[in-house]
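Please find below some notes on the model you sent.

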Amino acid sequence: MSATIEPTVNGVRRRLTVEDDDLLLDVLRQIGRTSVREGCGVGACGACTVLVSGRSVSSCLARAIRYDQAEITTADGLPEDDDVIEAFVEAGAMQCGYCIPGFVLMSHELLAENPQPSREEIADHLEGNICRCGTYPEILAAIESAARRRSQSGVPIGETT
Amino acid sequence: MPEDSFETGVAVGERWARTDGRAKVRGELLYAADQPARPCLDVAIHRSTWPHARLVSVDTTDARAMDGVVAVVTGADLHAVLGERMLTGPAFADQPCLAYDKVRYVGEPIAAVIGYGPAAVRRAAEEIDVAYADLEPIHDVDAAIAGTAFVHDELRPSAVFGDLRHLRGKKDTNVNYEYTLRHGNSGAAAETAAHTTSGDFWCPPTHHVPIELPFTAAWPEGDRIEVLSTTQTPSYVRQTLADLLDLPLNRVRVRCAPLGGSFGAKMYDRLEPLAAALAWTQRTAVRIAVTREEAFLLTTRHGAAVTGSMASDEAGDIVAAEADVRYDTGAYADVGPRITAKSGMIANGPYRIANATVRSRCVYTNKPSAGPFRGFGVPQVTWAHESLIDELARARDEDPAAFRRRNLLREGDVAVMGTTMHSADFISCLDAVTGAVGWDAPLEPAAGRLRRGRGVAVGIKAVLTPTISNATLQLNQDGSATLLISTVDMGQGSDTIMAQIAAEVLCLGEGQVRVVTADTDVTPYDTITAGSRSTYHTGNAVRLAAEKMRDRLIGLAAGRLSVETTDIKLTSDGVVSTQTQETLTVPDLLLGHFGARGTTLTTEADFATSWAPYDKETGRSPQVTEHWFAGAAAVQLIVDTATGRVHIEHLAVAGDVGRAINPALVEQQLTGAAVMGIGHALFDELVFDEGQITNGTLLDYQLPSIKDMPDRITPIVIQSPHRSGPFGAKGVGETAIIPLAPAISNAVRDAIGIRFTRLPLTPERIITALAEQHTEGGTA
Ligand code: FES
Ligand code: FES
């Protein structure tokens, strides 16, 4: 059975025809959001992470049909001057880069909930995202620096997501 | 040498940002499956459920009748068209892209369904009905050597690579290649030694798990075949597909994209032969996008058994070392023979050893094929020699770091395999890592059920030799440059490194050198992007091409300014006459030369290394490799004796890189490899049951997460310049993974007094060993 859904993807309202069992992952990739990627297909790597109203969702496990009217953000839809992206770029938090958009979105979710996370809280939040290149030290540094800057500049929590 | 003691240039030694860093973070970089391509039909593969069996029949009738199916192709169909050309492989031509006579592992492709949509072709692939006639399966490497059931009836060398030209055809054996090293008489020397240690060591097969899944698209383009693929080896793939389809090289195009990690998983024959064979024989565009479960079946790291011993005299010199290495290469050899020789020859470790013997064998079993994996078989032998030497030091009651330091190879030493050491500063690596973790400070005991320990290990690896790299450089009239190479950036940062090398010679700034992604229609031959060889080999080709470009600019300037070429210098401002101080910018110089804007000046260079093949009797060679990798790891950790869990407090890794072209990227390679090494030490393992992988999903296969990070991780860059490296540089991608597992195991030994000989050191293994220690004491 196919149905029409109308999610807002990165601020743009889309009208999409989907089948019952179409995955959100595949539907988003079909409309060009290739920052959303399959790494495992079973919810165990985080490469397919998207934010739905600011909450992280593994799009490889999500049926697209359930996302009618949803507010979806993918990493490539973040603003040009996004502070988390800047922090990742400055920290050199990327090797092959495949996993990184997932980490960027998870970091946004974390900092919105907890603007000054401890190392342990960062690790707890990112445990489900795998970086096989082992970029974890740089990712940790990037998140800490983004948190520091938010606290210094007084950006209201969640503003940039 | 410390970073700042080198002559300062404009680019080399600088921490330039990755050329594609921002695009990666924003998710805008396009990997192979994201690239715009023509509409392709989808492919699903029907796979063997038996480890070893004759194919009696493959019935595709039901599958063909299903909705959305365009064609079903069996191994027999392809064999009828392609014949023996269907067998490919870098060492032996032993692997068909679809099995046609027998299957050799659970998961081997038997038939391919081509059609509309991944779901439709998958459903159809399930409807293929295969009848098998059971053959005796071979699961274990030692049983394979001893038994009379054979994975292959006959073998043919494939002769693609210079270093594998000595392979011979084989019959009636599962040992496809054997390397032996004999230096002195280790047996006799061991008999009179003061201290001897020995052990049977095992490293399980593991999987690379790059997060990007393998992907290949292929289509006929008139009389040509075009392929877009996730591969580290575009030049090899082009040759393989040309052989497979019997086409000249100029009718095969292999295009790459940046890789989302690889670590050896995406090289040689993966999805490309099947995609190309389907596209060519069916005259249609196809794409093969495999699932994670299928990716586990494409290649693995060699499981390896090592029986080893090491002996010292009273004075503490190593008088004898022996290693019997058996690499489990699975159903197809891949580059197993190269691994068997190159890693076998250093199986006794980077030490001054008076008498040494190695027997290293590459053995077929009925498992998925094992191939290259970061470290190239060396971590497996390092696991043995670094455990042995640690025990030998303990037997002598000597500090394990001090014992190593006294015996490590030094500059100018001839190693047991006959080659002289240069630019491999093991001692600085060892001292750096032990210094970092406070090796000489007393160890503070941990409280309660916790035990604290420290461990160290070193590692050696030879760079693949002989190999070839080419570079083509275009200097654009506006002064920017475009570099054409077939090195594939898979996260190691080669695009950035190569840009820095070219920029250094041509006095260009960050962002002024663009590196073109490998495309065999455009970029010149490169042996492989693997084995940490690119910085040295491609780097040298790039340096040479850039030097030719500099000389051409100087020649043009001398003519223009009517001075001698020796009077002209290239600087960041342009070409300058040292006599008259007259300066011309490069854009002006080229505009004057060509009389037009937008023009390009082109130079090219090739760089090839040579070797002396192994002596047939002794396995020795005076020039077995172009250069060495040297590294060390030291660790301080805590073992929880109740849970068996290991917590790493501080991990220090060092590598001698000759010269760091980009220290930030070098450090990142060191820490990245160390993180992967933590997994190999503590939990990473492919589990088989009767030839079937039982943990081939990411729910079951454990990978290091951010939670497994040590409290502290310290990468240390050691620089003893190589006499012919580009600016003294060598590569670094594998250096830190090599000593990692034994360093951790040696620290566990220090903490709880148990020597582990099997990897990984899972909590269950540690708990079991502790329970046995309670009753018996000893090794696990
Ligand atoms: S692909 Fe969704 S979590 Fe891995
Ligand atoms: S950067 Fe390669 S997987 Fe994370």
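This is a predicted model: local features need pLDDT of at least 70, side-chain atom pairs count only at pLDDT 80 or more; totals for chains, interfaces and linings use all residues.

1. Residues are numbered from 1 along each chain as written, chains are lettered from A in the order written, and side-chain values use heavy atoms, without hydrogens or water.

2. Chain A puts 43 residues in contact (heavy atoms within 4.5 Å) with 45 residues of chain B. The area buried between the two chains (accessible area, 1.4 Å probe, lost on being put together and summed over both) is about 3,600 Å², with carbon and sulfur atoms giving 59%. On the chain A side, A:Q95, A:R132 and A:Y136 lose the most area to chain B, together 22% of what that side buries.

3. Four salt bridges (Lys or Arg side-chain nitrogen within 4 Å of an Asp or Glu carboxyl oxygen) are found across this interface. One of them pairs A:R132 with B:D684, with the closest N and O atoms 3.4 Å apart.

4. In chain B, helix α15 (residues 534-561) packs on helix α16 (residues 586-594) at an angle of about 70°, with the axes 10 Å apart. Helices here are DSSP runs of H or I, at least four residues, and axes are lines fitted to C-alpha atoms over the stretch in contact, with angles from 0 to 180 degrees between N-to-C directions. The pair is therefore roughly perpendicular (65 to 115 degrees).

5. From α15(B), B:L553, B:L556, B:A557 and B:R560 meet residues of α16(B), including B:V586, B:L589 and B:H593.

Conventions: Helices (H or I, at least four residues) and strands (E, at least two) are DSSP runs, numbered from the N terminus. Angles under 35 degrees count as roughly parallel, over 145 as roughly antiparallel, 65 to 115 as roughly perpendicular and the rest as oblique.
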